[in-house]
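This report describes selected features of a protein model. Please consult the sequence and the structure shown below while reading.

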Amino acid sequence: MAIIQSTLTTAQLDLLTVPTGKTQAITNIVVCNTFSPFGASPETREAAFTMYITKAADANTPGAVGAASTVVKDLVLPAGETFTFDSERIVLESNDMISFETQLTSGAGATDLSATVSYLEV
């Protein structure tokens, strides 16, 4: 089993792209708002994310990351909260992608969101 991790920003992030000639089974996706709910003004540190799973055939098409590939839309995570996507297994083929877009509900710049994707090569 392998993992890939990243801090999410307000720019689109293609977190996982399956290498050419490979197939990967996604076992778990976790998105966490790492700001402490006990920190100063945690209500100002919530953030929202949208997650996309895009087929390789669509990945080279401008605007392919959008409504048809949306899996989670504008989910708001308060400080200290975690979202887990683990009840379904997803099998991705060559050049399929898992991408994220985020937005702050207040303030500007980077978010406190981190994402982890766990996968197996099949």
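Which side chain meets that of Glu121 in a salt bridge? The partner is Lys22, at 3.3 Å from N to O.

## Basis of the report

The model is predicted: local features need pLDDT of at least 70 and side-chain atom pairs count only at pLDDT 80 or more, while totals for chains, interfaces and linings use all residues. Residues are numbered from 1 along each chain as its sequence is written, and side-chain values use heavy atoms, with hydrogens and water left out.

## Salt bridges

A salt bridge is defined here as a side-chain nitrogen of Lys or Arg within 4 Å of a carboxyl oxygen of Asp or Glu. The count by this rule is three salt bridges. Strands are DSSP runs (E, at least two residues), numbered from the N terminus. Glu121 is exposed, with a relative accessible area of 52%, and Lys22 is partly exposed at 33%. In this classification, buried means under 20% relative accessible area, exposed means over 50%, and partly exposed lies in between (1.4 Å probe, protein chains only).

Arg45 forms a salt bridge with Asp112, and their closest N and O atoms are 2.8 Å apart. Because Arg45 lies in the loop between β3 and β4 and Asp112 in the loop between β8 (97–104) and β9, this pair ties together parts that are 67 residues apart in sequence. Arg45 is partly exposed at 32%, whereas Asp112 is buried at 17%. The side chains of Lys73 and Asp74 also meet in a salt bridge (3.7 Å, N to O); Lys73 is exposed at 56% and Asp74 is partly exposed at 36%.

## The open sheet

Four strands form an open sheet in the order β2-β8-β4-β5, with antiparallel pairing. The edge strands, β2 (13–17) and β5 (70–77), each pair on one side only. Two strands count as paired if DSSP finds at least two bridges between them. Strand β4 (residues 47–54) is joined to β5 by five bridges, and Ala47 stands opposite Leu77 in β5.

## Nonpolar surface patch

Met1, Val91, Leu120 and Val122 make a nonpolar surface patch of about 440 Å². Patches consist of residues with over 30% relative accessible area and no salt bridge; like charges are joined within 9 Å and nonpolar side chains (Val, Leu, Ile, Met, Phe, Trp, Tyr) within 5 Å. Accessible areas come from the Shrake-Rupley method with a 1.4 Å probe, and for residues only the protein chains shown count as cover. Leu120 lies in strand β9 (residues 113–121) and is partly exposed, with a relative accessible area of 35%.
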